[in-house]
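The sequence and structure are shown below.

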Amino acid sequence: MFKKWVLLPYVVLGICLAIGLLIGMAPDLLGDVIPRHGVIGRMLASANQRKIEDSQHTVMVVPDYVRRVVTLGAGTVDLVSVAGEPYIVATDGSPYSSGAVINGRVQPTVESIQSYEPDVVVAPDTTPPGLVASLRAAGIPVFIYTMKDSLKDISLNTKQVAKLFNSTSAESSINSSVMNVKKQVEPHKNDVKPVIVLYNPTHGLYRSGVLRDMIEMIHGIDGAGNLKIIERGKDPNVLSDVWDYRASSPTFNMQENMGTKVDLIRINPDVIFVPTRYIDKLPDYKEDLNAVIKDPELQNVTAIKKGHVYPIHEMHIMSYSSWMYFGMQQMSKWLYGDWSYDNFVKYQSVPAN
């Protein structure tokens, strides 16, 4: 009898340690060993929660370790994937740049999104308010970020979304790209700034605040910065609108919202970057470059004469995430690199004259 009383505190201590271990391991156990919707699953989830605020100052409660995310909107996958691809369980099918493999596809309904039991839904402020309200009413946290047209705001969005995962990898990636750009540009800071444009003959001349920032950071002048383009209910400065065109369901007339070949000739840039599926469509991207380089109407353009026509990955420059910084790094390497940098294949454009 005496031995039982002596052992009892140790038994209680062992039980407490086991419970504590379960609570501490809850994020890894939920959905794998212990069902998330079960009594124990809900208990463990509630024991590992924290509050977080989105860009609209909405405070929500999320698991301490967020690992099940549904993304809505173009580029949202890119914002989340820098913190780790396994976090994303489903998306609405919007395009993205990262190599994330996501098998789930949701419709913009509460039922469809809820079926994936997300810890949180990450979406831009262009998401229909009614859907956001309905999701929150159903107990699903919705983290809204604000889409703005500048590199500074892209950096802020990336860092803010990364808070969901207590991650600093996105910020490190941005800082690394910026440092690499500065390293390339520094020796040329006293050179005459080249006039730079992004042009694809299928779409036209690209323009946006983000592109302006990218071009200025690589010590260039945005040749398309002062274009006056007719607006038809959409902001012509926002590159994400081009996604609609890429999806073959344009919501606006590309002819009226992009610069034209006439604009390109008038600007007469020193450098032309051609947005194309560079890297993942080799060697098909050369067709896009040849359509510019060999165009008879463009042979007097300075960039064509000097052979300064280079591919740039269109998925990166339209990502509105830290991938745009990587795109800017590509641009700086084309301008100032040694033409043999790793992971890229140079397309040698031959001067026309």
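Which residue is the bridge partner of V70 in β6?

## Strand pairing

The model is predicted. In β6, V121 is the bridge partner of V70. Strands β3 (residues 69-71) and β6 (residues 120-124) run parallel and are joined by three bridges.

These strands belong to an open sheet of five strands, ordered β5-β4-β3-β6-β7, with parallel pairing. At the edges stand β5 (104-105) and β7 (142-145); each has a single partner strand, so one side of each is left without a neighbour in the sheet.

## The largest nonpolar core

The largest nonpolar core holds 29 residues, of which L198, M214, I218, F273 and M331 touch the most other members. At least two residues of this core come from each of α7 (151-162), α8 (169-185), β8 (195-200), α9 (209-217), β11 (271-276), β12 (309-313) and α16 (323-336). The largest share, seven residues, is supplied by α16.

Beyond its neighbours within four places in sequence, M331 is in contact with L198, M214, I215, I218, F273 and I312. Another core, of 20 residues, lies apart from the largest one and includes V69, L79, V80 and I88.

## Helix α7

Helix α7 has twelve residues, which at 1.5 Å a residue should span 16 Å; the end C-alpha atoms are 16 Å apart, in agreement with that expectation. Buried residues in α7 are L151, I154, S155, N157, T158, Q160, V161 and A162. In an α-helix there are 3.6 residues a turn, so residues three or four places apart point the same way.

Definitions and conventions
Residues are numbered from 1 along each chain as its sequence is written. This is a predicted model: local features need pLDDT of at least 70, side-chain atom pairs count only at pLDDT 80 or more; totals for chains, interfaces and linings use all residues. Side-chain values use heavy atoms; hydrogens and water are left out. A nonpolar core is a set of buried Ala, Val, Leu, Ile, Met, Phe, Trp, Tyr and Cys residues joined through side-chain atoms within 4.5 Å. Buried means under 20% relative accessible area, exposed over 50%, partly exposed in between (1.4 Å probe, protein chains only). Helices (H or I, at least four residues) and strands (E, at least two) are DSSP runs, numbered from the N terminus. Contact means heavy atoms within 4.5 Å. Two strands pair if DSSP finds at least two bridges between them. The expected span of a helix is 1.5 Å times one less than its number of residues.
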